[in-house]
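Subject: Structure for you to look at

Hello,

Here is the structure I promised to pass on. Please open it first, then read my notes below.

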Amino acid sequence: TGPESRSGADTLKLVPKVPNGSVDTIYLRVDSSTSMVTAVVTMSAFGDRTETVLQGLVMGQDQPVERFRWSPRPDFQLIEAG
């Protein structure tokens with residue numbers, strides 16, 4: 001229960017261990033029947049709310065590599081997990 005709860009979905013509330021002044025809380029809404037994340041709600045420390053709804057998800061299909069591009073910026077560091 002809570003303001004971000006929806007019928008047919010479980011809601012996970014994520015709170016930063018160390019407050020950073022920008023993100024206060026993130027809610028992940030998970031469909032109870034498919035276990036798929038259907039929405040991400042971000043609450044800022046200032047009370048701003050951003051909701052991203054994920055719909056029309058397609059599973060099990062290869063995606064063309066051309067759709068995804070990544071190029072490192074000078075201020076990022078790539079860390080590989082072992």
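T25 is buried, at 6% relative accessible area. Buried means under 20% relative accessible area, exposed over 50%, and partly exposed in between (1.4 Å probe, protein chains only).

Two points on the source. This is a predicted model, with residues numbered from 1 along each chain as its sequence is written. Local features need pLDDT of at least 70, side-chain atom pairs count only at pLDDT 80 or more, totals for chains, interfaces and linings use all residues, and side-chain values use heavy atoms, with hydrogens and water left out.

Back to T25. This residue lies in strand β2, residues 23-31. Strands are DSSP runs (E, at least two residues), numbered from the N terminus. Beyond its neighbours within four places in sequence, T25 is in contact (heavy atoms within 4.5 Å) with K13, L14, V15, V41, T42 and M43.

Next, the strands. Two strands pair if DSSP finds at least two bridges between them. Strand β1 (residues 9-14) pairs with β2 in the antiparallel sense, over six bridges. T11 has R29 in β2 as its bridge partner. β2 also pairs with strand β3 (residues 37-44), again antiparallel, over seven bridges. There, I26 stands opposite T42 in β3. β2 and β3 form a hairpin with five residues between them. In the turn, S35 has a positive phi of about 65°.

Now the charges. Side chains of opposite charge can pair when their charged atoms come close. How many salt bridges does the structure hold? It holds three. A salt bridge here is a side-chain nitrogen of Lys or Arg within 4 Å of a carboxyl oxygen of Asp or Glu.

- E51 and R29 meet at 3.1 Å, N to O. This pair links distant parts of the chain: E51 is in strand β4, R29 in strand β2, 22 residues apart.
- E51 also forms a salt bridge with R49, with the closest N and O atoms 2.8 Å apart.
- D75 forms a salt bridge with R73, with the closest N and O atoms 3.5 Å apart.

Is R29 buried or exposed? R29 counts as buried, at 8% relative accessibility. E51 is partly exposed, at 32%, and R49 is partly exposed too, at 39%. In the other pair, D75 is exposed at 58%, while R73 is partly exposed at 46%.

Best wishes

Conventions. Helices (H or I, at least four residues) and strands (E, at least two) are DSSP runs, numbered from the N terminus.
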